[in-house]
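I opened this model with a notebook beside me and wrote down each thing I looked up. Here are my entries, in the order I made them.

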Amino acid sequence: MDTLGRGSSAGSISSSTRESDQFSCSDPIEMAVTRFTCLESVASGPASTFIQYFFSLLPVNRMKRAGSEPSGRIPQRKRNGEIAQYSTVYHTRDGHMKSSLILPLIGALLLVTALVAGCVGSSPAATASGMPDTTPAQISTQNTEPATVSMDKPLTVVSGDKAFEITILSQIRGSAARSLIKGANEFNPEPEDGAEFLLLQVNKQYCSGTGADDTTVFEYRLFAGGDGVDPIYVVMPDSHMGYPDLTLHPGDAARGWILFQVPHNEEVMLAYAPTSSPAGFIRIKSEIGSTPLSRPDDLLPPRGAYTYMDAKKSNELSITYQYTTFRQTLTYETGSGSKLLKAPDGDQFLLAFVKAIHMGNRDGKNYLTQTPYPSSFRLYGQDVIYTPVVLADKTSDHTSIGELYASAFLDRKECKEGFLVFQVPEAFRPDDGYLGLNLGVDHSNPSWSLA
């Protein structure tokens, strides 16, 4: 896909004597041009003849301070090879000059000022030392094209002093996406002829910077064949919460599902576009199953424990995946009573039971430690990465299928266990995937075989 870059052009100034006489004070390649170079250009350029002429009008050795006698005659510009006229300069007794050329002299000085100001204005901002001001924010936005990454990598975007990571956590496309949308509300639209629905779970992480940042679903557009399309507003299923409208602060994240309509079986790109111009693209493969995910060579078996130290290096934790089971429905409690969640036609719920244990303290000071969040787990299929179902309106972790896994603070020898819920196709089998846990860059993130 072609993307538009931003260029710059050098300004030019023409002398009043010949249209072909031009000089440039801002070269788009030599970005280090300073105001001193511009001044030198004015002094040495074709306009110098014009300037030198007016300054020659002030020959001090010809001035007479007595009386009001003429101090000399200065030839004006030639017209058709002949001197057009003479102008007489007079001085009064107090030494102040009167002349019919005062106004032309003032005009010349104004012209010189304009030429120099034009040069300075067309060059990079200069510091007191005369060198251009090249702050990191300016450098990062000059002559840069939007980055493009594959779907398995985060897109890093820098805007001023703010840095964000945009990640596609999961995708559902075609008939599975249609079933989800139509199952959520009977009035939700159908895809048009030759098109299909694409559901993307997108995460925006505010990595660093200062101040707040407002995020919305309409920061994203999908490009297919060069045409950008906006998200479709529908009633989203409870199991796939829509992307939220939030105000983020450094360290915050926004996560949710976004629905698009795309040409059937065509490669598309998600654009992060908080303004009219995309800041970057994430390439999405054209067909589900076209690029199978590779399985790690060091998969832990079921009930195999992964032990690690917490961030403070104070406590040791053990994480274990136990077993998998499947369900079509589950019931949970909300503020308005019990609620039934049913898997859409063609899908089912995969329940992965995990357990976290506080193995012991090592520093004798900080005894409490926090277990991983459910969102740190991923279910890897043959061609799709699934994230746990989020029940945003639940008031308890107790459900009809048992207790859901949740992050908790544990003291020594305490444990936290429960089910992670994933929505997968009915044809999904434990041998088709594996469970992964992302503990961050300080750990070797473990993975478990489901069977």
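This is a predicted model: local features need pLDDT of at least 70, side-chain atom pairs count only at pLDDT 80 or more; totals for chains, interfaces and linings use all residues.

**Entry 1: Asn315**

I started at Asn315, which sits in strand β20, residues 315–327. Residues are numbered from 1 along each chain as its sequence is written, and side-chain values use heavy atoms, with hydrogens and water left out.

Is Asn315 buried or exposed? I found it buried, because its relative accessibility is 0% (buried is under 20% relative accessible area, exposed over 50%, partly exposed in between, with a 1.4 Å probe and protein chains only).

Next I checked what its side chain meets. The side chain of His358 makes a polar contact of 3.2 Å with that of Asn315. I count a polar contact as a pair of N or O atoms within 3.5 Å; within protein, one must be able to donate a hydrogen and the other to accept it, and residues adjacent in sequence count only if both atoms are side-chain atoms. A polar atom of the Asn315 side chain also lies 3.5 Å from the backbone oxygen of Leu368. Beyond neighbours within four places in sequence, the contacts of Asn315 include Tyr308, Asp310, Gly360 and Thr369 (contact means heavy atoms within 4.5 Å).

**Entry 2: strand β23 and its partners**

I then followed β20 to β23: the two pair in the antiparallel sense over twelve bridges (strands pair if DSSP finds at least two bridges between them). Tyr323 stands opposite Phe353 in β23. How many of the 15 residues of β23 are buried? I noted twelve, so I call the strand mostly covered.

β23 also pairs with β30, antiparallel, over eleven bridges. Here Lys355 has Glu417 in β30 as its bridge partner. Glu417 and Lys355 form a salt bridge too, their closest N and O atoms being 4.0 Å apart (a side-chain nitrogen of Lys or Arg within 4 Å of a carboxyl oxygen of Asp or Glu). The two are 62 residues apart in the chain. Glu417 is partly exposed at 33%, and Lys355 is partly exposed at 26%.

**Entry 3: other salt bridges**

I counted eleven salt bridges by this rule. One of them joins Arg173 and Glu196 at 2.8 Å, N to O, linking strands β10 and β11 across 23 residues. Arg173 is buried at 10%, and Glu196 is buried at 9%. I also logged a network of salt bridges linking Lys204, Asp213 and Glu219.

**Entry 4: the nonpolar cores**

Which residues have the most contacts inside the largest nonpolar core? I listed Leu200, Tyr220, Leu222, Leu270 and Ile284, in a core of 26 residues. Such a core is a set of buried Ala, Val, Leu, Ile, Met, Phe, Trp, Tyr and Cys residues joined through side-chain atoms within 4.5 Å. Among the strands giving it two or more residues are β11, β13 and β17. Apart from this core lies another, of 23 residues, including Phe377 and Leu435.

Definitions and conventions:
Helices (H or I, at least four residues) and strands (E, at least two) are DSSP runs, numbered from the N terminus.
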